[in-house]
Amino acid sequence: MLAQTHIKQQLDALRHDRTLGFVRLRVACEVNSFLGWLNAQPLYPRIYWHARGEERPEYVALGRIHELTDPAHIARVCANTQASQVDSPRYFGGLAFDPDQPPQGENPWQGFGPCRFVLPRIELVRRGECVSLCLNLWFDEHNREAELAAGHQALAALVPEAPLPPLTPQQWRRRDNPDRPEWQQLVTTVTAPDFQTHTPKVVLSRESRLEGADVNPWSLLARWAERAEQCFRFGFQFEPEHGFIACSPERLYRREGRHLFSEALAGTIRRSGDEALDARLAAELLSDSKNRLENRLVHTDILHRLAPLAHDITLTEPRILKLRLLQHLKCDIEAELHPEVCDWQLLAALHPTPAVGGAPRESALAFIRTREPYDRGWYAGACGMLSRETSECSVAIRSARIDPGAVTLFAGAGIVAGSEPAAEWAELDNKIANVLSLLG
């Protein structure tokens, strides 16, 4: 609690300061488990973000100063992050897979919406061995006393970290949507020659609802993350009853100043646990025409969409990304952004990629909207952090929605010429096997 005391002293010192705009106060603190600390706090929203790579900073974000819930207003995030202060605000949030699709019927994504980016009141940040507790404030000409009071209130609500609840074996009933016969029909439709002439790739997906499973989202994410090396780990709990978590291997983009990193991640084969067999499977993946086509459709589309926004664009040859149970084809993309290109333009151009939607984008999305029997919501959406210096978004695959008494897992497969319904169904099962094994 000493950290809160030191920040309160900094906060009180601002009472007679005339600084306007964004202000971040910070002090060093000691926290072992970020997810344990997050789960103990009473403030909402509760957000966790850890980009791929252990050297990347780890974040917890709590509460809100304000938020954006309209995709058209993401440009405001970019405007706010261009302020001249030493510290720039960090927004955490996401876009739905298809933000333009209105909810139909009962909405299981209530509270998430098509877009939600939050400027948090409290942040916990780990950089290497250093952990900082941060209090964010935004002063205008009239709100100084109200902001100071809100800061004190948020600090007073913080409690020490506590162990996460144990993740115990669950008794659940699984319901797949679409079911296997409907899946076979969808794949057959997409692979038909007449359909292929205008839409060579559609990423079809499935939700697997585990009814009767009752878990803490942060306990599940913590255990899942132990098995998810080389993945983005993140979660959102905008209200106590619902959470969305992911351990995703896929980056949408990372922007460092004007330098951009993206990737084409498409094409999948299993891992066996035997090193020699895995090497043979990787070689099979690299030489497989169906998977190479799937990856080529993705990186060709990304390069086309980046062309008006960037220069000096480079693409690597496909390589193998090894995960715990799967191997993927991955091409890395780098570019230099033109002056004045902002994150909202990158999100509009790149999301959703053909790795989760299809190609061409418009006709693939039209098929998904009319034929997929459920609402993807934030599954396969774009989730991440936006700031002036660095922004990064992951594609929210390998994800789960946690509701009272149910966990819903999501998986997709790129359907191109030569795709076989049974093999693609098995790929979906492989993609959720990691989490299923944790739930018993």
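**Figure 1. The E372–R376 salt bridge.** E372 and R376 form a salt bridge in which the closest N and O atoms are 2.8 Å apart. A salt bridge here is a side-chain nitrogen of Lys or Arg within 4 Å of a carboxyl oxygen of Asp or Glu. Both E372 and R376 are buried, a class defined as under 20% relative accessible area, with exposed meaning over 50% and partly exposed lying in between (1.4 Å probe, protein chains only). The model is predicted: local features need pLDDT of at least 70, side-chain atom pairs count only at pLDDT 80 or more, and totals for chains, interfaces and linings use all residues. Residues are numbered from 1 along each chain as its sequence is written, and side-chain values use heavy atoms, with hydrogens and water left out.

**Figure 2. D176 and its arginine partners R174 and R206.** D176 forms a salt bridge with R174, the closest N and O atoms being 3.0 Å apart. At 34% relative accessibility, R174 counts as partly exposed. D176 also meets the side chain of R206 in a salt bridge, at 3.8 Å from N to O. Because R206 belongs to strand β10 (residues 201-211) and D176 to strand β9 (residues 173-177), this pair ties together parts that are 30 residues apart in sequence. Strands (E, at least two residues) and helices (H or I, at least four) are DSSP runs, numbered from the N terminus. R206 and D176 are both buried.

**Figure 3. A network of salt bridges.** Salt bridges link E55, R56, R251, R254, E256 and E392 in a network. Side chains of opposite charge can pair when their charged atoms come close. For the model, the count comes to 36 salt bridges.

**Figure 4. The chain that surrounds these sites.** The chain contains twelve helices and 22 strands. Its C-alpha trace spans about 70 × 55 × 45 Å along the principal axes. The radius of gyration, taken over C-alpha atoms, is 22 Å, which agrees with the value near 22 Å for a compact globule of 440 residues, the globule rule being 2.2 Å times the number of residues to the power 0.38. Of the 440 residues, 55% count as buried. Among contacts (heavy atoms within 4.5 Å) with a separation of 6 or more, 76% come from residues 24 or more positions apart.
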